[in-house]
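Please find below some notes on the fold, written as numbered points. They are meant to be read beside the sequence and the model.

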Amino acid sequence: MYRTNTCGELRLANAGEAVTLAGWVQRVRKLGGMTFVDLRDRYGLTQLVFNEQTNASLCEEANKLGREYCIQVKGIVAERQSKNAQLPTGEIEIEVSTLNILSKSLTPPFTIEDQSDGGDDIRMKYRYLDLRRNAVRKNLELRHKMTILVRNFLDNHNFLEVETPILIGSTPEGARDFVVPSRMNPGQFFALPQSPQTLKQLLMVSGFDRYFQIAKCFRDEDLRADRQPEFTQIDCEMSFVEQQDVIEIFEDLCRHLFKEIRGVELPAKLRQMTWKEAMEKYGSDKPDLRFGMEFIELMDTLKGTGEFSVFNDANYIGGILCKGCAEYTRKQLDELTDFVKRPQVGAKGLVYVKFNADGTTKSSIDKFYAPEVWEKLRQKVNAENGDLLLILSGDNTNKTRTQLSTLRLEMGDRLGLRDKSKFECLWIVDFPLFEWSDEEQRLMAMHHPFTMPNPEDIPLLDSHPEQVRALAYDFVCNGIEVGGGSIRIHDEHLQEKMFQILGFTPERAQAQFGFLINAFKYGAPPHGGLAFGLDRFVAIMADLDSIRDCIAFPKNTSGRDVMLDAPSFIDQSQLDELQLKLDLRQESGQK
C-alpha cells in the first residue's frame with residue numbers, strides 16, 4: 001500500500017503513530033531551519049514538517065518540491081505547536097522521516113485553490129487539474145451522494161433499474177438529434193437518444209411496472225448555463241398510475257433528497273399551479289416563488305384612459321410593484337430601460353410610476369394622464385408610499401408577459417430576493433397539449449407526441465386542438481424546471497390521432513414510431529412517468545449558477561470539449577470505411 005492513512009483522517013488521538021501518506025503538494029513554506037509542506041488528497045490536507053537539524057539532506061529535498069508534485073512520505077504523527085482551527089487535521093503534523101517523489105509536476109497553469117485564478121477556458125482545458133480543487137470535487141461528491149439516495153429510494157419503492165440502448169433510430173421531432181453513421185449499414189445512421197422515452201414506454205408494455213435509469217441523453221441544441229449537449233436524467237416510468245400517483249411518489253423523492261442533502265424540510269404537500277395561472281401571474285411556466293411581484297394586469301386602468309398611444313394600441317399592459325423602490329434614481333431607471341431593450345428581452349421600452357414617500361406620484365408618462373387615473377392606478381396595484389411600479393405593454397400578450405417575467409427576475413436579483421439558501425418548490429400542471437410554431441407554421445407537441453390529453457378535452461381534438469390540456473406536470477424549484485413528465489397515451493387509435501394532428505402521414509408515423517404503435521396492440525397498460533435533470537438538481541443543491549461545475553468533463557458554450565479538442569476531423573480512411581464524403585459549405589470556414 002502506498003499509504004496507511006488519508007490526508008484528512010489523522011487527529012491528535014493518533015499522536016505517536018507511524019504512518020505513510022501519499023498525495024499532492026499544495027504549498028511549501030520554509031521558516032528558518034524548518035520546511036513545512038501541505039500535503040493534499042481527496043480527503044483533506046495534512047501538514048508535513050522537515051527539520052534541518054534532524055535530517056539536513058531530507059530537508060533539502062523537501063525544499064525542492066514544487067506545487068502538485070505527487071509524493072509519498074513516512075513519519076510520526078506529532079502534536080502541532082501552532083494549531084490551525086480551520087483544518088480538521090489542524091492539531092497534528094507529520095514529522096517526516098522518508099520522502100519519495102512519485103511524480104514531478106510542471107507548474108500548474110492556474111492555482112489549485114478554492115478561489116482559483118484560472119478562467120473558465122483554461123480550467124476546462126486542464127479539467128483534470130481543476131477537479132483537484134476542493135470546490136469542484138465537493139460538487140461531484142454531492143452528485144454521487146444524490147444518485148445513491150435516488151437509487152436506494154427507488155429500489156425501496158420496487159423500481160427496477162434497466163439500461164436502454166444509446167444507439168437508436170432517429171425521430172426528428174423536437175430538438176436536433178446527434179447522429180452516428182453505421183459502417184455495416186452504409187448510408188444509414190443511428191441517433192443518440194434525446195431521452196429513453198419510447199423505450200421506457202415499451203418496458204411498461206413488457207410488464208416492468210416500475211422502471212428507472214440514471215440515463216445519458218443527447219440534444220444538439222444551443223447551449224447556456226443550464227444546458228449541455230449531453231446530460232443526465234433520473235428517468236422513471238410507472239404502470240397503472242394516474243397523474244396524482246406519479247406526483248406523490250416523486251414529491252416524496254424530492255422531499256427525501258432535500259432533507260438528506262440540505263437538511264431542508266419541504267412542506268407535507270407542495271403547491272400545484274396551473275400553467276395558465278403561472279403565465280398570468282409570473283409570465284413563466286417555471287415561476288420563482290422565493291419572492292412576490294406577481295403581475296398586475298392594467299388594461300382596464302391605462303388603456304383608453306389617457307393620450308398615451310403605446311398603451312391605447314396595446315393588447316396587454318402589465319406591471320410589477322417593487323416595494324420601497326420609489327427612491328430609484330434616473331440612472332437606475334435608465335439602466336432598467338436599457339435592460340428590457342436588450343435583444344434577449346426584446347421590449348421597446350419601460351414605463352415607471354413612482355408613488356413617492358410624500359404621497360405624490362411621478363411617472364415617465366405624467367403628461368398623458370389626469371391625476372385621477374394615477375389615483376385609480378394606486379388603488380389597483382395596492383401601492384403604498386415609497387413603492388415603484390414598472391410597466392410593460394405590447395401587441396402579443398404571451399411575448400410581453402415573458403418580457404415582464406425577465407424584468408421581474410432582474411428586480412429580484414437587484415433587491416437580493418433570490419436567496420440560494422431558500423427553496424420554493426411547486427408543480428406546474430394543466431399544460432396545453434399543443435403549441436403553435438411560427439417556424440413550422442403548425443401545431444407542435446408542447447412536451448412530446450406521447451402525452452395523454454386530459455380526458456375531459458379529448459372531444460376538442462377534432463375541433464379545437466389548441467384548447468386541449470395535457471396530463472403533464474413539471475417540478476419547479478426556485479424558478480428552474482428540475483423535472484417533468486406526463487401520463488402517456490396507451491391506446492393505438494388515440495396515438496394515431498395525435499400523430500395526425502401533428503401533421504404526420506400514416507406512413508411517416510408508422511416508419512418512425514411503428515414499433516410503439518404496434519406494441520400498443522398487445523395489451524398496453526395505462527402508464528406515466530417523469531424525468532429529473534440530475535445536473536440541474538445537483539446544481540440547485542450545491543448553490544451553483546451553471547451545471548458545468550457539477551459535471552466531471554463538461555463542454556463549453558460552443559459545445560466543444562477543449563480538453564480533448566473534440567469534435568474533430570477524422571481520417572479519410574475512416575470516412576472511406578463509412579462510405580461518407582464530406583461536402584463542407586464555404587461559410588463553415590472549411591474547404
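1. Which residue of β4 does G23 stand opposite? G23 stands opposite I71 in β4. The model is a predicted one, in which local features need pLDDT of at least 70 and side-chain atom pairs count only at pLDDT 80 or more, while totals for chains, interfaces and linings use all residues. Residues are numbered from 1 along each chain as its sequence is written, and side-chain values use heavy atoms, with hydrogens and water left out.

2. Strand β1 (residues 18-31) pairs with strand β4 (residues 70-79) in the antiparallel sense over seven bridges, where strands are DSSP runs of E with at least two residues, numbered from the N terminus, and pairing requires at least two DSSP bridges between two strands. In this pairing A22 has Q72 of β4 as its bridge partner.

3. β1 is also joined to β2 by seven bridges, again antiparallel, and K30 has T35 of β2 as its bridge partner. The two strands form a hairpin with two residues between them, and G32 in the turn has a positive phi of about 60 degrees.

4. These strands belong to a barrel of five, closed in the order β1-β2-β3-β5-β4 with mixed pairing; the twist averages 55 degrees from one strand to the next. Angles run from 0 to 180 degrees between N-to-C directions, with axes fitted as lines to C-alpha atoms, for helices over the stretch in contact. Helix α1 (residues 56-63) lies across β1, β2 (34-41), β3 (44-51) and β5 (92-103), at about 65 degrees to β5; helices are DSSP runs of H or I with at least four residues.

5. A separate point concerns the open sheet of eight strands, whose order is β6-β9-β10-β22-β21-β20-β17-β11, with mixed pairing. Because β6 (160-161) and β11 (271-274) stand at the edges with a single partner strand each, one side of each is left without a neighbour in the sheet.

6. Within this sheet, β9 (residues 210-218) and β10 (residues 230-239) run antiparallel and are joined by nine bridges, with I234 of β10 as the bridge partner of I214. Helix α6 (residues 243-262) packs on the sheet, touching strands that include β9, β10 and β11, and its direction makes about 25 degrees with that of β22; contact means heavy atoms within 4.5 Å. Helix α7 (residues 275-282) also packs on the sheet, touching β11 and β17, and its direction makes about 80 degrees with that of β11.
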